[in-house]
Amino acid sequence: MDEERETLQRIVNTLVNKNDEIHNFIDMLNHTIANVQVNSSNAISELDEEFDGLYSVLHEMKGSMTNTIQQEEARKIQALQDQLSQCSHALESSEELLELAVQSLNIKNPVELLEAARQIKDSVTMASAFRLSLKPKVSDSMTHMMVDFALEKRMLQAVKFLPVPKAPEIDVAACLVADNCITVSWRMPEEDSRIDHFVLEYRKTNFDGHPRLKGEQHWELVDYIKATQYTLSGLKFDTKYMNLRVQACNKAVAGEYSDPVTLETKAFLFSLDSTSSHLNLKVEDAYVEWDPTGGKGQEKIKGKENKNRSNTASPKRSTNSPRASVRSSRDRFAGESYTVLGDTAVESGQHYWEVKAQKDCKSYSVGVTYRNPGKFDQLGKTNSSWCIHINNWLQTTFSAKHNNKAKTLDIPVPDRIGVYCDFDGGQLSFYNASSKALLHTFRAKFTQPLLPGFMIWCGGLTVSTGLQVPSAVKTLQKSENGLGGSTSSLNNA
């Protein structure tokens, strides 16, 4: 009995769910019908507006062309009336002269007849009737004012509803990734004069295959692009790839998106490692600030942490990632080594990052070091670190440091410093990040992975990562290498 009751209850539940589904579907159909009616009404209203606009244009054109015909009519009539007036005046003069000549035929006196004949002859010579053209100045034809709308009629008869634009095709070969910018180019599969604009969408991803539907960042949108090319600028490349797609739109409807493409966005990305930084430094993801009270405020906390660690087993920590391996087993910097390192090592390739100091920053260094410096080591004072140092304490000094040797740089200190590291080529260069002017170059055979390093005293530094090597820097590197550009006298042997 219980089994039959459970079976019946499942059937009841199934029927209830199915009835709910059907009710929801009925509601959806009714809603769709209402939407069809509303959208059809809107479409008819827009159609009326378009035809009213067309009627208005035709009415305006008719008025303008009618006015032109009337002006031509007035011009011709005026010319003919002027000619008619001239003819009437000439005819009147000619009739008077004719009457005088007839009267002169009755003169009996030869002398008087001779004089009258001479005068009449002179008058005839000067008469306007003999200098008047007897051909109309203008014709009565108005055929040059006729129109033929046969072509326009065929065009109007061929008018149809706007078709949905076809999907554009992204030209991957013409796309360019450089200077943290992406230039995207595309084309339509066939000519479409009704395209009004394009929409470009892009999103970051670490997946190099076909864009996934789930687990991805949302699409960013750029609308109303009139050309078939667009450059996304000022990007931070904090993922490995970028997905892009394009959509064509006419004035009524948007078409399907193009097949998405995936472009590689190589860049060096790291954060500042707060786990090993000096206690007098307040460290965030990409910002470090001098804090003279930091050490005092954290000594007690550090003692408690050490006590707790002695009684508690340390959790297992993965060392598979570069960041984890960099952060593990390193003591905090201490003494006068007010240092913070990046959490990602440079092990190969060419990389670039930038640093900006606060205006009131008294002293700071920017450079690289091997993976495991001593906790009292300072950048540039060991044979395993290279840096440029700025001191603004009493007067500004600018120098390059390595192995406890310094070389004065007799150039202005830039607002932002660009760091270029070519690990395989054994080159570390510093640039004015704004003008890309070269500040200094170290050349060395790097035998261990390198970490970005920063020292600061009084002030703050902001680090910009996720940057590509700028094209201007690449050009300068080629020029410098080709010309055997100046290298530091502080390099390793």
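**Confidence**

The model is predicted. Its mean pLDDT is 86, and 89% of the residues reach 70 or more. Over residues 297–322 the pLDDT is below 50, and this stretch has seven contacts in the model beyond near neighbours in sequence. Residues 324–328 also stay under 50. For residues 324–328 the model has 14 contacts beyond four places in sequence.

E201 sits in strand β4, which spans residues 197–205. Its relative accessibility is 8%; buried means under 20%, so E201 counts as buried. The E201 side chain makes a polar contact with the side chain of R245, at 2.7 Å. A polar contact of 2.7 Å also joins the side chains of E201 and Y257. Setting aside residues up to four places away in sequence, E201 touches W219, E220, L221, N243, L244, R245 and Y257.

I390 belongs to strand β15, residues 385–391. I390 has 0% relative accessibility and counts as buried. Beyond four places in sequence, the residues that I390 touches include K362, Y364, F398 and V413. I390 and I456 are 66 residues apart along the chain, and their C-alpha atoms are separated by 9.6 Å.

S399 is placed in strand β16, residues 397–402. S399 is buried, at 9% relative accessibility. Beyond four places in sequence, S399 is in contact with C387, I388, H389, A406, K407, T408 and L409.

**Salt bridges**

The count comes to 12 salt bridges.

| Pair | N to O distance |
|---|---|
| E169 and R187 | 3.9 Å |
| D196 and K226 | 3.5 Å |
| R371 and E347 | 3.3 Å |

E169 lies in strand β1 and R187 in strand β3, so this pair links distant parts of the chain, 18 residues apart. E169 is partly exposed, with a relative accessible area of 37%. R187 is partly exposed too, at 44%.

D196 is in the loop between β3 and β4, while K226 is in the loop between β5 and β6, 30 residues apart. D196 is partly exposed at 25% relative accessibility, whereas K226 is exposed at 59%.

R371 lies in the loop between β14 and β15, and E347 in the loop between β12 and β13, so the pair ties together parts 24 residues apart in sequence. R371 counts as buried, at 17% relative accessibility. E347 is partly exposed, at 47%.

Salt bridges also link E115, R118 and D122 in a network.

Definitions and conventions: Residues numbered from 1 in each chain as written. Predicted model: local features only at pLDDT ≥ 70, side-chain atom pairs only at ≥ 80, totals over all residues. Heavy atoms only, no water. Helix = DSSP H or I, 4+ residues; strand = E, 2+ residues; numbered from the N terminus. Buried < 20%, exposed > 50% of the residue type's maximum accessible area, 1.4 Å probe, protein only. Polar contact = N/O pair within 3.5 Å; in protein donor to acceptor, adjacent residues only side chain to side chain. Contact = heavy atoms within 4.5 Å. pLDDT = per-residue confidence, 0-100. Salt bridge = Lys/Arg side-chain N within 4 Å of Asp/Glu carboxyl O.
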